[in-house]
Amino acid sequence: MIENVLPAIYLLASVGFILAVKWMNNPATARRGVIIGEIGMLLAVIGTLLRPEVVEYRWILIGLGIGSAIGAPLAYLMPMTAVPQLTALSHAFGAMASALIGTAEFYKGVIPLGFPMGALVVETLLGFLTTTASIIAFAKLQELMPTRPMTYKGQNVVSLSVLTAAIVIGGWMVAAPAPAWAYPAFVALALLFGIMLVMPIGGADMPTVIALLNSYAGVAAAAMGFVLNNRLLIIAGALNGSAGLILSIIMCKAMNRSFTNVLFGAFGQITAAVAGTTAQRPVRSANPDEAASILDSARSVIVIPGYGMAVAQAQHKIRELYDALTKRGIDVKFAIHPVAGRMPGHMNVLLAEADIPYDKLLEMDEINGDFPNTDVALVIGANDVVNPLARTDKTSPIYGTPILDADRARTVMVIKRSMSPGFAGIDNELYYMNNTLMLFGDAKNFVAGIVKELAGSH
Amino acid sequence: MQSYEFGLYVFMLAAFLGFELCKRVSPLLHTPLMSLSNAISAIAVVGAILISGEKDASTLTRALGFVAVVCATLNVVAGYLITDRMLRMFRKREPDKK
């Protein structure tokens with residue numbers, strides 16, 4: 001009897017996952033998507049617990065309890081600015097689960113050579129490398145480690161040799177019974193490669209890398225589906241794998257770079273030399289008082305947030321500014337660059353947290369045409385994504401990168417701590433334009449200052 | 001060999017479906033999409049339950065399975081809850097004045 005019901009439960013769970021991803025395309029249905037996804041997962045767990053070959057429940061239930069007890073507070077207590085770190089950590093745990101299951105299967109010694117062993121090699125390789133890579137990404141995002149790219153001479157050669165060695169041993173295990181040291185060596189190489197993969201990645205490339213790791217974790221789960229001959233795992237893993245892949249492709253396009261360039265390019269290093277040659281040039285600056293009066297007399301304002309906004313936790317003050325300006329009848333919109341922040345969509349989440357209506361958050365293609373008719377473009381903690389050199393200077397390393405056309409607004413105001421160049425290490429032409437005012441200071445304090453002035457003058 | 005072949009077809013179709021569905025997700029929701037798909041990949045919990053629940057498993061298998069259950073559950077719970085927490089914040093308070 002139960003044997004007939006189980007496939008139906010798995011099938012329903014698969015439908016749940018597909019609908020969850022489908023409903024995610026619209027904010028109006030997205031929460032429904034989460035619920036159906038949760039139901040799918042619940043069905044999958046129940047359907048698995050009911051399977052006749054599962055007889056020992058004690059440790060499973062304890063494990064489910066411990067996992068929930070750690071996971072729930074983690075999800076609720078982390079501040080919203082820490083979402084990229086939390087996601088990285090979550091990837092690490094999921095990938096580790098796949099890797100450990102693969103290891104357990106391997107040591108049971110029942111996996112035949114050939115295709116099943118090949119799937120197991122893919123599962124454990126991606127599982128282990130995603131685990132360490134995600135932990136390093138977490139450490140960088142949490143600033144437990146320097147966020148600058150860490151590079152050394154011959155790095156790519158060393159990294160690729162480690163990966164090749166892992167693949168060679170993996171291939172050997174697929175083709176013939178390998179000696180006892182082969183599997184531990186394979187695991188060690190996979191773990192090591194994960195570390196080497198993310199060490200040279202700088203902060204601004206994190207959105208691409210996190211999306212890529214997300215994809216790997218999915219493919220590892222799908223590979224496990226082949227090992228265990230379980231179609232639910234294959235479907236869920238494939239959905240996750242393609243979601244991660246498409247996000248990383250979008251991120252790469254938004255930076256006008258290829259995968260290889262992100263992973264092996266070590267962007268910051270090459271361009272640092274270019275920045276050194278620029279001489280000091282005069283800029284115009286303003287205080288909160290002046291900035292407030294310019295905003296007060298504007299009719300349309302576009303705010304361009306960047307990672308600096310997240311660092312300064314300025315989103316709530318920006319919300320107050322938004323309210324103050326909207327009350328005066330000024331049209332305020334937000335221009336979101338696809339790679340602003342440390343993960344895809346990072347800025348949207350922070351602004352939504354501050355209760356800014358999501359129909360005011362516009363993507364690059366929607367809003368770029370509006371800049372010439374806009375009175376003030378207010379750049380808060382963004383840098384490379386508004387650098388006009390990307391459009392004009394063919395010798396610049398960022399040439400060709402799609403940018404937000406902030407420079408085309410009538411007045412540009414940039415809130416920034418100092419004149420230091422951004423992640424790419426390139427001087428920003430925007431700061432020296434005649435219609436640009438630099439507002440030096442901490443984003444949160446400066447915006448608070450403007451809000452205070454606006455309230456006073458009312 | 002037939003079941004693997006079948007599995008590969010399932011994989012290919014699901015991957016294309018995922019690709020088409022995710023392409024339509026607005027950039028507004030890219031972060032929730034990523035954490036949702038991350039939660040879905042925690043389907044590894046199924047494998048973890050299977051491996052740690054079987055009869056006469058060795059201590060090694062049980063231990064690995066147990067840790068895998070903890071990791072995967074953590075991934076499921078944290079993934080879904082954080083997605084929901086994020087989505088609750090997306091509000092359309094006023095109609096577009098354009």
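Q: Which residue of β6(A) does A:K416 stand opposite?
A: A:K416 has A:F440 of β6(A) opposite it. Before going on, note that this is a predicted model, in which local features need pLDDT of at least 70 and side-chain atom pairs count only at pLDDT 80 or more, while totals for chains, interfaces and linings use all residues. Residues are numbered from 1 along each chain as its sequence is written, and chains are lettered from A and ligands numbered from 1 in the order in which they are written.

Q: How are strands named, and what counts as pairing?
A: Helices (H or I, at least four residues) and strands (E, at least two) are DSSP runs, numbered from the N terminus. Two strands pair if DSSP finds at least two bridges between them. Here β5(A) and β6(A), the latter covering residues 436–440, are parallel partners with five bridges.

Q: What joins β5(A) to β4(A)?
A: Five bridges do, and the two strands run parallel; β4(A) spans residues 376–380. Along this pairing, A:L378 faces A:M413 of β5(A), and A:I380 is opposite A:I415.

Q: And how does β1(A) pair with β4(A)?
A: These strands also run parallel, with five bridges between them. A:V301 stands opposite A:V376 of β4(A).

Q: In what order do the strands of the sheet lie?
A: The open sheet has six strands in the order β3-β2-β1-β4-β5-β6 of chain A, with parallel pairing. β3 (361–363) and β6 of chain A are at the edges with a single partner strand each, so one side of each has no neighbour in the sheet. From one strand to the next, the twist averages 25°; such angles run from 0 to 180 degrees between N-to-C directions, and axes are lines fitted to C-alpha atoms, for helices over the stretch in contact.

Q: Which helix packs on this sheet?
A: Two residues are in contact if their C-beta atoms, placed from the backbone, lie within 7 Å. Helix α14 (residues 315–327) of chain A packs on the sheet, where it touches β1 (300–305), β2 (331–336) and β4 of chain A, and its direction makes about 145° with that of β2(A).

Q: How do I tell whether a strand is buried or exposed?
A: Count neighbours: a residue is buried if 20 or more other C-beta atoms lie within 10 Å of its own, exposed if 12 or fewer, and partly exposed in between, with C-beta atoms placed from the backbone. In β4(A), five of the five residues are buried, so the strand is largely enclosed by the rest of the structure. β5(A), residues 411–416, is mostly covered, with five of its six residues buried.

Q: Which way do the residues of β4(A) point?
A: In a regular strand, side chains alternate between the two faces of the sheet. Here A:V376, A:L378 and A:I380 point one way from β4(A), A:A377 and A:V379 point the other way, and all are buried.

Q: What about a residue in a loop, such as A:R257?
A: A:R257 lies in the loop between α9 and α10 (259–264) of chain A. With 19 other C-beta atoms within 10 Å, A:R257 is partly exposed. Not counting residues up to four places away in sequence, A:R257 touches A:C252 and A:V262. The C-alpha atoms of A:R257 and A:G400 are separated by 9.4 Å, although the two residues are 143 apart along the chain.

Q: At what angle do α8(A) and α9(A) cross?
A: Angles under 35 degrees count as roughly parallel, over 145 as roughly antiparallel, 65 to 115 as roughly perpendicular and the rest as oblique. The axes of α8(A) (residues 206–228) and α9(A) (residues 231–254) come within 7 Å and cross at roughly 160°. That makes α8(A) roughly antiparallel to α9(A).

Q: How much of chain B is in contact with chain A?
A: The contact involves 79 residues of chain B and 99 residues of chain A. On the chain B side, α1 (2–23), α2, α3 (44–53) and α4 (59–89) each give two or more residues. α4(B) gives the most, with 28 residues.
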